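Hi everyone, and thanks for making time this morning.

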Amino acid sequence: MGMEVVADQGLVLLGCGKMGSAMLAGWLNGGLPPVSVWVIDPNPSDWVMGSGVHVNAPLPERPAIVLIAVKPQMMGDALPSLVKLGGGGTLFVSVAAGTSIATYEEILGAGTPIIRAMPNTPAAIGLGITALIGNGVATGTDVDLAELLLSAVGQTVRLDDEAEMDAVTGVSGSGPAYVFHLIETLAAAGEAQGLAPDLAMTLARATVAGAGVLAEQAEESPAQLRVNVTSPNGTTQAALEVLMDESDGFPALMMRAVAAATDRSKELSRD
Ligand SMILES: NC(=O)c1ccc[n+]([C@@H]2O[C@H](COP(=O)([O-])OP(=O)(O)OC[C@H]3O[C@@H](n4cnc5c(N)ncnc54)[C@H](OP(=O)(O)O)[C@@H]3O)[C@@H](O)[C@H]2O)c1
């Protein structure tokens, strides 16, 4: 089963903001006919209005998929209109951070196949990574289909246990912001060494982007790539001795940062 079933039976996209639009653009570029998509959104963008999809129109009887991309706090308003599609026959896929599978089962009925997914912002340019996990009712085919849909905005990984979702949020979900902050602080440090602000920012941004692509494409591990550019007693080694300090360097700092995000994710999903 692939995109044909989605094209035949239809896909309902609940919430078409940043993440919803990024996914929709990926599906349409991949050949999904716009007439197979039903978007529900109170303020659809001009792009959505002009894309040829159904917008706030009556829904098909039994769509293949409902994809939920509203903010978690809008869920209470948005979901009840879709309860009649619960109970089996339509696969629900949610990208909402912090909303558990159990919450969906309560609202939609325990017989509903549900996939919970966690994407990240580089999805906007097709370079996201999305972790996903299904409930007990979701079949292997359901997970395959959800993975196919989410691969429109980047890579995908499958989890074994929903409990991993909090740590995933702490690493890849919130992670892009850590990297943006790395760029900011690298540029500020360049300024402190006498570079003009624009020049420092250009160097920092291109360095992080280039190193990111190299780490992604290289055969070697990131650790090996680091060793490869660290000559004994050279400039890189001087910096790494500071950054890799066990008590107040990157390792300890990153450990605390990811733990804080993971803990916050746990708290939010309890609310
Ligand atoms: N952006 C990311 O990188 C990212 C990463 C991981 C997970 N997520 C998850 O993806 C979800 C969407 O995030 P986003 O960044 O795309 O947010 P967003 O841009 O605010 O998109 C949400 C969309 O849903 C619409 N909406 C509000 N109430 C609705 C309702 N009752 N029925 C239907 N649509 C409704 C909003 O319309 P209005 O603007 O008019 O309110 C908006 O267009 C969130 O649950 C978030 O946790 C996002």
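Let me begin with a pair of strands: β6, residues 114-118, and β7 run antiparallel and are joined by four bridges. When I say that two strands pair, I mean that DSSP finds at least two bridges between them. The names come from DSSP runs numbered from the N terminus, where a helix is a run of H or I with at least four residues and a strand is a run of E with at least two. Within this pair, Arg 116 sits across from Ile 133 in β7.

A quick word on what you are looking at: this is a predicted model, with local features needing pLDDT of at least 70 and side-chain atom pairs counting only at pLDDT 80 or more, while totals for chains, interfaces and linings use all residues. Residues are numbered from 1 along each chain as its sequence is written, and side-chain values use heavy atoms, with hydrogens and water left out.

Back to β7, which spans residues 128-134. Is this strand mostly covered or mostly uncovered? It is mostly covered, with five of its seven residues buried. Buried here means under 20% relative accessible area, exposed means over 50%, and partly exposed is in between, using a 1.4 Å probe and protein chains only. β7 also pairs with β8, residues 154-158, this time in the parallel sense and over five bridges. To get from β7 to β8 the chain passes through helix α6, residues 140-150, in a right-handed β-α-β crossover. Right-handed means that, with the strands pointing away from the viewer, the path from the first strand over the helix to the second runs clockwise.

Now let's step back to the whole sheet. In what order do the strands come? The sheet is open, with eight strands in the order β3-β2-β1-β4-β5-β6-β7-β8, and its pairing is mixed. The edge strands are β3, residues 54-55, and β8, each of which pairs on one side only.

Moving along that order, β1 (residues 11-14) and β4 (residues 65-68) run parallel and share four bridges. Leu 11 stands opposite Ile 65 in β4. β4 is in turn joined to β5 by four bridges, again running parallel, with Ile 68 opposite Ser 94 in β5. Ser 94 also stands opposite Arg 116 in β6, and three bridges join β5 to β6 in parallel. β5, helix α5 (residues 101-108) and β6 make up a right-handed β-α-β unit.

In a regular strand the side chains alternate between the two faces of the sheet. β5, residues 91-94, is covered on both faces: Leu 91 and Val 93 are buried on one side, and Phe 92 and Ser 94 on the other.

Next, the ligand. How many residues surround it? There are 23, and the closest are Lys 18, Met 19, Asp 41, Asn 43 and Val 70; a residue is near a molecule if one of its heavy atoms lies within 4 Å of it. Asp 41 has a polar side-chain atom 2.6 Å from an oxygen atom of the ligand. Asn 43 likewise places a polar side-chain atom 2.6 Å from a ligand oxygen. From Thr 121, a polar backbone atom lies 3.3 Å from an oxygen atom of the ligand. On its own the ligand has 880 Å² of accessible area, and the protein covers 79% of that.

Let me finish with two single residues. Ser 36 is in the loop between α2 (18-29) and β2 (37-40). Why does Ser 36 count as buried? Because its relative accessibility is 4%. Leaving aside neighbours within four places in sequence, Ser 36 is in contact with Val 6, Ala 7, Gly 10 and Leu 11, where contact means heavy atoms within 4.5 Å.

The other one is Asn 56, in the loop between β3 and β4. Most residues other than glycine have a negative phi. Asn 56 has a positive value, near 50 degrees. With 44% relative accessibility, Asn 56 counts as partly exposed.

That's my tour, so over to you for questions.

Definitions and conventions
Polar contact = N/O pair within 3.5 Å; in protein donor to acceptor, adjacent residues only side chain to side chain. Areas by Shrake-Rupley, 256 points an atom, 1.4 Å probe, with all protein chains shown as cover.
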